[in-house]
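I opened the model today to look up its ligand site and a handful of residues. My notes follow in the order of the look-ups.

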Amino acid sequence: MNYDENNIFAKILRGEIPCKKIYEDDYVLSFHDINPQKKIHALIIPKGKYINLDDFSKNASEKEIIGFVKGISIVAKKLGISSDIARGYRTLSNISEHGGQEVPHLHFHIFGGENVGKMVQ
Ligand code: AMP
């Protein structure tokens with residue numbers, strides 16, 4: 001499967017579609033999910049063109065991987081939900097068909113602001 005340049009997150013990265021931005025650096029962009037499933041529902045995406053976590057771990061540079069992982073905690077802290085200052089959160093990444101992935105650009109969901117309940121519903 002090739003990377004789809006016209007997926008919605010690619011358009012957000014190119015500035016063609018607006019987003020409610022939370023954080024941005026050289027490696028990641030984070031914004032609020034358009035259809036929140038919890039009190040806080042953010043998304044974080046790498047700036048590089050990666051379809052999902054398998055593609056990312058295989059093809060991304062170490063700098064990109066480190067930048068992405070660190071980005072998750074930076075965003076959680078900015079949202080006021082990280083475990084050092086608050087009560088924590090959940091990350092989740094859907095991968096391909098059986099994972100239920102809808103947008104084919106790697107993203108982690110960040111859920112919090114309340115007890116987010118059982119792991120899989
Ligand atoms: P997934 O099923 O893991 O691929 O999740 C895709 C997520 O992207 C869903 O939670 C959608 O609500 C969210 N989404 C789709 N379009 C947008 C958008 N334009 N801005 C923010 N979030 C979006």
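**Entry 1: the ligand**

Where does the ligand sit? I found the ligand in the largest pocket. For the record, on a 1 Å grid over the protein atoms alone, a pocket is an open set of points with protein on both sides within 12 Å along at least five of seven lines. A molecule sits in a pocket if more than half of its atoms lie within 2 Å of the pocket's grid points.

I note that this is a predicted model, in which local features need pLDDT of at least 70 and side-chain atom pairs count only at pLDDT 80 or more, while totals for chains, interfaces and linings use all residues. Residues are numbered from 1 along each chain as its sequence is written, and side-chain values use heavy atoms, with hydrogens and water left out.

I then listed the shell around the ligand. There are 16 residues around the ligand, and D33, N94, E102, H107 and H109 come nearest; a residue is near a molecule if one of its heavy atoms lies within 4 Å of it. Helices and strands here are DSSP runs (H or I, at least four residues, for helices; E, at least two, for strands), numbered from the N terminus. By element, α1 (8-13) and β2 (28-32) each supply at least two residues of the shell. The largest share, three residues, comes from α1.

Next I checked the polar contacts, meaning pairs of N or O atoms within 3.5 Å; within protein, one must be able to donate a hydrogen and the other to accept it, and residues adjacent in sequence count only if both atoms are side-chain atoms. A polar side-chain atom of H107 is 2.7 Å from a ligand oxygen. For the side chain of N94, an N or O atom lies 2.8 Å from an oxygen of the ligand. For the side chain of H109, the corresponding distance to a ligand oxygen is 2.9 Å. Taken alone, the ligand exposes 500 Å², and the protein buries 85% of that (Shrake-Rupley method, 1.4 Å probe).

I looked up T91 in strand β4 (residues 89-92). T91 counts as partly exposed because its relative accessibility is 34%; buried means under 20%, exposed over 50%, partly exposed in between (1.4 Å probe, protein chains only). Leaving aside neighbours within four places in sequence, T91 is in contact with I72, F108, H109 and I110, where contact means heavy atoms within 4.5 Å.

S93 is in the loop between β4 and α4. What does S93 touch, not counting residues up to four places away in sequence? I get L106, H107 and F108. A polar atom of the S93 side chain lies 2.9 Å from the backbone oxygen of H107.

S96 lies in helix α4 (residues 96-99). I flagged S96 for a positive phi of about 60 degrees, although it is not a glycine. Most residues other than glycine have a negative phi. S96 counts as partly exposed because its relative accessibility is 38%.

I looked up R14 in the loop between α1 and β1. Is R14 buried or partly exposed? At 39% relative accessibility, R14 is partly exposed. Apart from neighbours within four places in sequence, R14 is in contact with E5 and N6. R14 and K47, 33 residues apart in sequence, have their C-alpha atoms 9.8 Å apart.

P18 lies in the loop between α1 and β1 (21-24). P18 counts as exposed because its relative accessibility is 75%. From P18 to F31, 13 residues along the chain, the C-alpha separation is 9.9 Å.

K21 is in strand β1. I recorded a polar contact of 2.5 Å between the side chains of K21 and E24. Beyond neighbours within four places in sequence, K21 is in contact with L29, S30 and F31. The C-alpha atoms of K21 and L79, 58 residues apart along the chain, are separated by 12 Å.

Key. On a 1 Å grid over the protein atoms alone, a cavity is a set of points where a 1.4 Å probe fits but cannot get out, and a pocket is an open set with protein on both sides within 12 Å along at least five of seven lines; lining residues have an atom within 4 Å of a point.
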